[in-house]
Amino acid sequence: MIKLSLCLICRDNERTIRPCLESIKPWVDEMVVVDTGSTDETPQIALELGARLFHFEWCDDFAAARNESLRHARGEWLFWMDSDDTIPEANGRKLRDLAFRRHGPRTLGFVMQVECPGERAGDVTVVDHVKMFRNHPRIRFEFRLHEQVLPSLRQLGGEVEWTDISVIHSGADRTPEGRNRKYERDVRILGQELEARPEHAFVLFNLGMTHADMDDHEAAIDYLERSIAASTESDSHLRKTYALLVSSLEQCRRIVEAREACHRGLESLPGDAELLFRSAVLAHRLGRLEDAESAYLEVIQPRKREHFSSVDPGIASYKARHNLGLVYEDMGRADLAEVQWRNAMVNGSQFAPSRRAMIERMLQKRRTETARIEIDGMLCESTLRCDGLLLEGMLQETLGNFADTKRCLETAVKEFPDREEPLQALCRLLFEYEAWPEAEIAIEELLRRAPGDAAAYHNLGVVLVRQGKQNRAIQAF
C-alpha cells in the first residue's frame, strides 16, 4: 500500500537535490520527481536515490509542472517539497505518523511551515503552506508562480488542519547573479499571469513583493496598493501585503504615509504582529516613545496561530524585546533596557544585536570585567564570534590598548571576509589613530567592496593628503 507520496519538480539542481531526497526518503512510500529540462546530473541523482522520474517541458508555469507530479503520484496522501528543501528527522517522523493517522472525510490538507534562514544568525522567515493533501483529481495547484493548492481545497469545501511540522528551505542561490536570474524570471512569469488575470489581488501582491525584493519600492507600492484594493479581508496574503507596503513606503522615506498604511492595516487586521512591530518602529523613529513602548508590549503578548502568514517569528519575541530596550534607553530607563536585552538573549540566543547593545553600555560605564565575561561567551560560539571580536576590540580600545584593538579587528576581517563591519571598524581605528599607510590599504580594500561609499573616498583623500600624495588625494575627493 502506498500511503504517502513525495511530489517534487526540479531543473539543474544537482547541488541541492541529493540532500533533499535523502532527507525525505525514509518517510515516504514513493518519490515522484518531474524534471523540467535539466542539463546537469539532477535526473541521474534522482534515479540513483530511487525516485520515479518523469520529464515535462518547461512552459513558465510552476503550477503546471507541479500538477504533472501530482498526476503520477499513487499515494493516498501527497506531500510536496522544493528541490532545495530538507526535512529534519523529527519532522519526517511526524509527517509519516500524520499520514498514517485516521482523519475525517472533510480534512483535505495540512498546513506546515517552511523555515527560510536569512544571511545573519537569528534571521529566519517562516512561511505557512498546505504541504500535505489528499490525492484527489480536483485538488490541483493554481498560479504560474508562487503556486497555491489552497483555492482548490476551498472549492471542494474541505478543511485544512494546522501542524507543527516544518521543512528547511536553505539551498537557494543567494549570489547576485542567482538573484538577478530569479528576479528576471519572476517578473516575466508574473507579467504573463497578470495578462491572464487582470487586477487579480494575489498576482498584484506577488508583483509587489518581487519589486520590493528588487529594491524597486515605488513600483512595489503601486502593485501593493492595487492588491489591497482588490483583496477581501479573508485573503491569506492581505496581512503580508500591508506589511510590505509599510516597508516600501518607509524605504522611500514616505514616513507619514507608512504610518497611515500601518493604521489602515491594523484597522482591518487588529493585533497583527508584523504590523504592530512596524508601527512601533515608525513611532520610535518619529520620537513617539510611549506609542512605541505600547506597540512593542502588545507585540510580545502570546497569540494563537489562526491564519496563514509569512513572517519572521523574532518580531514577536527577541527582536521586539531588543527594540523595546532601545526605546527604554531613549526614555532614560537603562534598567528596563537591560532587562529587555537579557530577555531577548534568552528568547534568541543567536541574535547578536541585544548582546552588543548591552555590552556597549557596559563599556560606556566602564564595567569592563562584566563585559569581558559576556564577550568571552560570544567568542566561543561560531554564530556570534564576529560580533564578539568587534566587542573585544571595543573593550581593548576602552582600555587604551591600540595594538590589541587592531589585532581583534584584523582577526575579524580575516575570519569573516563577507561582512563589511569588521573592515569598516578597522578603517575607523586606523584613521583615528593616524596610522596612515595602514589606513590607506584598509580604506582601499573597503572601496573595492563598496565602491559607492562617499565617506570612504573622503577619508582616503585625507589619508593621502597626510602622506603628501596630493594628486591621488584630488582623485579621491
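Two strands pair if DSSP finds at least two bridges between them, and helices (H or I, at least four residues) and strands (E, at least two) are DSSP runs, numbered from the N terminus. This is a predicted model, so local features need pLDDT of at least 70 and side-chain atom pairs count only at pLDDT 80 or more, while totals for chains, interfaces and linings use all residues. Residues are numbered from 1 along each chain as its sequence is written, and side-chain values use heavy atoms, with hydrogens and water left out.

**View A. Strand β1 and its two partners.**
Strand β1 (residues 4–10) pairs with strand β4 (residues 77–81) in the parallel sense, over five bridges. In that pairing, L4 stands opposite W77 of β4. Strand β2 (residues 30–35) also runs parallel to β1, and six bridges join them. Here C7 has V32 of β2 as its bridge partner. Follow the chain from β1 through helix α1 (residues 17–24) into β2 and you trace a right-handed β-α-β unit. Right-handed means that, with the strands pointing away from the viewer, the path from the first strand over the helix to the second runs clockwise.

**View B. Both faces of β1.**
In a regular strand the side chains alternate between the two faces of the sheet. On β1, L4, L6, L8 and C10 point one way, S5, C7 and I9 point the other way, and all are buried. That makes β1 mostly covered, with seven of its seven residues buried. Buried means under 20% relative accessible area, exposed means over 50%, and partly exposed is in between (1.4 Å probe, protein chains only).

**View C. Two nonpolar cores.**
A nonpolar core is a set of buried Ala, Val, Leu, Ile, Met, Phe, Trp, Tyr and Cys residues joined through side-chain atoms within 4.5 Å. The largest one has 85 residues, and V130 and F133 touch the most other members. Helix α9 (residues 238–251) gives this core its largest share, seven residues. A second, separate core of 30 residues includes L8, L53, F79 and V114. Zooming in on V130, its contacts (heavy atoms within 4.5 Å) include W80, F110, V149, L153 and F308, not counting residues up to four places away in sequence.

**View D. A63 and its contacts.**
A63 sits in helix α3 (residues 62–72) and is buried, at 5% relative accessible area. Set aside its neighbours within four places in sequence, and A63 is in contact with F141, E142, F143, R144 and E147. The C-alpha atoms of A63 and E147 are separated by 5.4 Å, although the two residues are 84 apart along the chain.

**View E. Cysteines without a bond.**
A disulfide is a covalent bond between the sulfur atoms of two cysteines. The cut-off used here is a pair of cysteine sulfur atoms within 2.5 Å, and the structure holds zero disulfides. C59 itself is partly exposed, at 44% relative accessibility. C380 counts as exposed, at 69% relative accessibility.

Side chains of opposite charge can pair when their charged atoms come close. A salt bridge here is a side-chain nitrogen of Lys or Arg within 4 Å of a carboxyl oxygen of Asp or Glu, and the structure holds 53 of them. E225 and R264 form one, at 3.2 Å from N to O. E225 lies in helix α8 (residues 217–230) and R264 in helix α10 (residues 255–268), so the pair ties together parts that are 39 residues apart in sequence. E225 is partly exposed at 30%, and R264 is partly exposed at 33%. E432 and R428 also meet in a salt bridge, at 2.8 Å from N to O. Both of these residues lie in helix α19 (residues 420–432), four residues apart, about one turn of the helix.

K469 forms a salt bridge with E440, with the closest N and O atoms 2.9 Å apart. K469 is in the loop between α21 (454–466) and α22 (470–476), and E440 is in helix α20 (residues 436–449), so the pair links distant parts of the chain, 29 residues apart. Is E440 buried or exposed? At 8% relative accessibility, E440 counts as buried, whereas K469 is partly exposed at 31%. Elsewhere, E329, R356, E360, R361, D387, R419 and E421 are linked in a network of salt bridges.
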